[in-house]
Amino acid sequence: MNPRSVVRQALERVESGFDAAFGARLNPLYQLGALGWFFYWIVAVSGLYLYVFFDTGIERAYASVEYMTHEQWYAAGVMRSLHRYASDALVVVVLLHLAREFVLDRYRGARWFPWFVGTPILWLIYASGISGYWVVWDKLAQYVAVATAEWLDALPIFGEPIARNFLHESVLSGRFFTLMVFIHIAVPLILLLVMWIHISRHTHARSNPPKALAIGSLAALVVLALAYPAVSQGPANLNEVPAVVSLDWFYLPLYPLFDRYSGLALWGLVGGVTLLLALLPWLPPKRVSAAATVHLDNCNGCGRCEADCPYSAITMVLRTDGAPFSQQAQVDDGRCVRCGICTGACPTATPYRRRSELVAGIELPQLSMQSLRDGTVAAVEKLRGDTKVIVYACDSAAARGLENDHTAVVNVPCVGHLPPALLDFTLTRRHADGVLLAGCRRGDCAFRLGIDWTEQRLAGLRDPYLRKRVPRERIHCVWAGFDGRAVLLREAAAFTERLRSLGSFKPGERGPAGAPAGTMVEN
Ligand code: HEM
Ligand code: SF4
Ligand code: SF4
């Protein structure tokens, strides 16, 4: 196993622990991006409230913050603490989010875009947080402002050294201080714009955490705000150097280094890390197969593939081949992550077709519908057991070695790649007695929407849906992921037992009344 797989397995173990504690739907580790948005909004709303009472003039800034903190501790004081702690929480979830996308290898190939845009996001978050410490104008603000100005002065970009503004009380102008306050408002607004660009290529991006998680996170921040109110560290005084200040380690971890290393050396360090981070998707570049391809002869322009593609890689454009449809699908190769979810959505991906060659309106060239159907038939033909189970396993499921006398495995990039008609064909044509879908863990589909769309198609809630004639108790879904081997083995064995008791498929067979669309099991 390569080092990334080892770390991935360890990560999934930790996440399984969180699944047990919170349930998969509320697992915060699956919602880090959404929590980032949530904490951003808390910071924005609390910041707006504080701005009402904040005096942007240098003489009154400190006093106005003190007034909020002590005279209005129940309102502005709590808001100030919320503003501080939600900012800290934002850093924590974003760093975890970044690390997680890296470990799960979800940042290369066509996914370079959100990663690349994420790099300036980090700068903007830090710039927002650091400038926030200036505006309080206490001793910490003085320390941070002077150190930042000296650091900026190490670069030959400003004609006049900025640090000069902090030489003495009499030198710091109200105008310069107002500029500092303005930066603290402008940078978060730019951050919002870049956050929006960051998820602009995701359809149905998770930018809101589930309600219970949002309420729980907000409650935790309020408790923290009440238990440890954010306070200032005495008024700034440019006539003396602050002796001791306590730092916010989430935003200011580099500041102690300013005393030890030159400004230029630190620019080299920070610039080098930024460059490395931004270029990581190409170090090394991901080897990718061909993108999804549209076959116009079979495309009726229905737009389902566009609706289901999780990465906005499909657009409907004017018809070019003279066929009697107004539109046709068009794939942007650079955005396509090769998940195949579009094939699963296409109504022409039906294995029942009588024509010799089975070609769907949209397909992955490396796994055409024809090869998927033929592969399914060939795999089950080799089975010798009395009860035959076909397992369709995505690349993130631990299905290696699951094969035995009565179980065959067919690999697909994502369970969403499977058109419901293929499951129908496999069961009603009696190629297999049961179909097991093995995928990622719920809430963490490697291609974001594969599990959701599959469940909705099976339940008849999303086109194309599984026909009613298919007995639901012969379909079993196991969302156990890369580390879920034990669960998958256990579930496959139990499913085979259940199928054995059902006997072989009889046309017209129906599951128990109200039976769900396939049984779902989560790790
Ligand atoms: C304010 C900071 C950030 C917020 C609020 C945020 C939020 C999000 C959200 C909501 C998604 C979509 C998740 C989904 O719907 O599946 C996402 C995806 C992603 N983010 Fe961020 N993000 C932030 C910073 C970053 C940073 C700093 C990086 C890395 C440098 C990063 C890397 C990624 C990647 C690679 C994806 C795509 C994952 C995939 O394709 O499945 N993000 N982010
Ligand atoms: S789902 Fe199939 S038929 Fe419909 S637009 Fe896409 S490729 Fe064409
Ligand atoms: S394979 Fe299809 S659904 Fe997946 S990203 Fe490419 S075009 Fe979109």
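Predicted model: local features only at pLDDT ≥ 70, side-chain atom pairs only at ≥ 80, totals over all residues.
Gln72 sits in the loop between α3 (61–71) and α4, where helices (H or I, at least four residues) and strands (E, at least two) are DSSP runs numbered from the N terminus. Once its neighbours within four places in sequence are left aside, Gln72 is in contact with Tyr67 and Gly77, a contact being a pair of residues whose C-beta atoms, placed from the backbone, lie within 7 Å.

Residues are numbered from 1 along each chain as its sequence is written, and chains are lettered from A and ligands numbered from 1 in the order in which they are written.

Now the chain as a whole. There are 15 helices and 9 strands, and the C-alpha trace spans about 90 × 50 × 40 Å along its principal axes. Of the 523 residues, 41% count as buried, and, taking the contacts with a separation of 6 or more, 74% are between residues 24 or more positions apart.

Which residues have the most contacts inside the largest nonpolar core? They are Val391, Tyr392 and Ala438, in a core of 71 residues, where a nonpolar core means a set of buried Ala, Val, Leu, Ile, Met, Phe, Trp, Tyr and Cys residues joined through C-beta atoms within 7 Å. Strand β5 (residues 389–394) provides the largest share of this core, 6 residues. A second, separate core has 56 residues, among them Ala86, Ala89, Val135 and Phe177.

Let me stay with β5, which has 6 of its 6 residues buried: Val389, Val391 and Ala393 lie on one side, and Ile390, Tyr392 and Cys394 on the other. On pairing, which requires that DSSP finds at least two bridges between two strands, β5 runs parallel to strand β6 (residues 407–412) over 6 bridges, with Tyr392 opposite Val410. β5 also pairs in the parallel sense with β7, over 5 bridges; there Val389 has Gly434 as its bridge partner, and Ile390 has Val435.

Strand β7 (residues 434–439) is likewise mostly covered, with 6 of its 6 residues buried. Gly434, Leu436 and Ala438 point one way from this strand, whereas Val435, Leu437 and Gly439 point the other way. Leaving aside neighbours within four places in sequence, Ala438 is in contact with Val391, Ala393, Cys394, Ala397, Ala399, Val478 and Leu488. β7 is joined by 5 bridges to strand β8 (residues 475–479), again in parallel, and Gly439 stands opposite Trp479. Together with helix α14 (residues 450–458), β7 and β8 make a right-handed β-α-β unit, right-handed in the sense that, with the strands pointing away from the viewer, the path from the first strand over the helix to the second runs clockwise.

Finally, the ligands, for which a residue counts as near if its C-beta atom, placed from the backbone, lies within 6 Å. Around ligand 1 there are 25 residues, of which Gly33, Gly36, Pro114, Gly118 and Arg206 come nearest. The elements giving two or more residues to this shell are α2 (32–53), α4 (73–103), α5 (112–135) and α7 (174–198), and α5 gives the most, with 6 residues. By class the shell around ligand 1 has 12 nonpolar, 8 polar and 5 charged residues, where Ala, Val, Leu, Ile, Met, Phe, Trp, Tyr, Cys and Pro count as nonpolar, Asp, Glu, Lys and Arg as charged, and the others, Gly among them, as polar.

Ligand 2 has 15 residues around it, with Cys299, Cys302, Cys305, Cys346 and Gly361 coming nearest, and its shell divides into 9 nonpolar, 5 polar and 1 charged. Which residues are the closest to ligand 3? They are Cys309, Cys336, Cys339, Ile341 and Cys342, out of 13 that surround ligand 3, and by class that shell has 11 nonpolar, 1 polar and 1 charged residues.

Key: Buried ≥ 20, exposed ≤ 12 C-beta atoms within 10 Å, placed from the backbone. Contact = placed C-beta atoms within 7 Å.
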